[in-house]
Amino acid sequence: MDLGHEDRVWQVSWDPTGLRLASCSGDKSVRIWTPLTQARFFSTGGEQEQDKEQEQDKEQRNDMRRTWECVDTIDGAHKRTVRSVAFEPTKGKTLATASFDGTTGIWEKDDDAYECIATLEGHENETKCVSWSASGQLLATCGRDRSVWIWESNGEGDFDCISVLMEHTNDVKMVVWHPTDDVLASFSYDDTIRVWRDDDDDWCAAATLTGHTSTVWAGAFSPDGRYLASVSDDRTVRVWTAATKGEAAGMRDGFYYKPDAAYDCVAVVPDTVHTRAIYSVSWTRPLRDNGAADSSSGDRDEGLLVTGCGDNTLRVFRVTASADGSVAVALESSLQHAHALADINCVRWNPVYPDWLATAGDDGVVRIWHLE
């Protein structure tokens, strides 16, 4: 799906209904897109058509599903590249954008157009990412100045900076919130991941995760919050979780903050699978109703990871957790030249329709994919 951006597309974000998609670009614009057929776009029909007439109907539906329209455009949203975009996760009425001009914009739709209701300033130079907490009350930004800023929404476009975190020693590439708790992870050019938490209104580092040997570009929590995946310039994918010190491996209850928690890497996809730097990762829930532990083996389906890479290939991995606490990450499928010869900058599973995926690339294109 060609969105008409005139430069590389850096990131995409689904709204909480899964029916709108925002994209941002080096052309300084943000575009909001939706399928003409709305929710019917994501209906795959399930049944196998048996006769010619049914097959023709299926082809017509597929033609409709391929049709998207731009419903809003924010041109000149910033003075420089718009590097990150994020829909507020509870109602989806508010949009946040982060730019190389060092600012973060907060946008709401007024009548027929999006209006900037707040501009958050403070980063010394390029702002690389913006992310909302699950409640929509907190916003995190990060930048080239090595800092992570946490902002609190007071409503009606009023935001207060409640913490500036300066423990990274180089660019911070991405920030992502835990899906249920006010726990934040940041990913950096200093090869580390830091986990941040609120300690009596004072934000501090709960842990530093080491193991990557080059820039950590991005990360994603599992939908249930038990695990964190990270991807790196070292061409590996790592999966992390936490356990209370002294707790048996099989008793791990997930990536939640506890005063005596230890954060461990429980799985690694080796550097032989991807051939270039991995820039993005996204995690969707299990596509079938087997998220609970299997009665015979005790294994639990933790859903699917997808990675976007500099080798122009999409890769989908199934994650399985065993009763003994071990985690397996197995390659399920891959697709070469997903964005022609261009780097894949962003991958995002749809939050409502978990077998649908959006990707963005250096070719200036956003694509919509269905996993069959």
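Start by selecting V281, which you will find in strand 21, spanning residues 278-284. As you look around, keep in mind that this is a predicted model. V281 has a relative accessible area of 2%, so it counts as buried, the cut-off being under 20%. To see what surrounds V281, show its contacts beyond four places in sequence; among them are A218, G219, A220, V231, V347 and R348. L305, V306 and T307 are also in contact with V281.

R315 belongs to strand 23, residues 314-321. Is R315 buried or exposed? Its relative accessibility is 8%, so R315 counts as buried. Zoom in on its side chain and you will see a polar contact with the side chain of D311, at 2.8 Å.

Together they make an open, antiparallel sheet in the order 25-26-27. Strand 25 (344-349) and strand 27 (366-370) each have a single partner strand, so one side of each has no neighbour in the sheet. On average, neighbouring strands here are turned by 20 degrees against each other, direction ignored.

For a last stop, follow the antiparallel pairing of strand 25 with strand 26 (residues 356-361), where five bridges join the two. Select W349 and look across to L357 in strand 26, which stands opposite.

Terms used. Residues numbered from 1 in each chain as written. Predicted model: local features only at pLDDT ≥ 70, side-chain atom pairs only at ≥ 80, totals over all residues. Heavy atoms only, no water. Helix = DSSP H or I, 4+ residues; strand = E, 2+ residues; numbered from the N terminus. Buried < 20%, exposed > 50% of the residue type's maximum accessible area, 1.4 Å probe, protein only. Polar contact = N/O pair within 3.5 Å; in protein donor to acceptor, adjacent residues only side chain to side chain. Pairing = 2+ DSSP bridges. Axes fitted to C-alpha atoms, helices over the stretch in contact; angles between N-to-C directions. Contact = heavy atoms within 4.5 Å.
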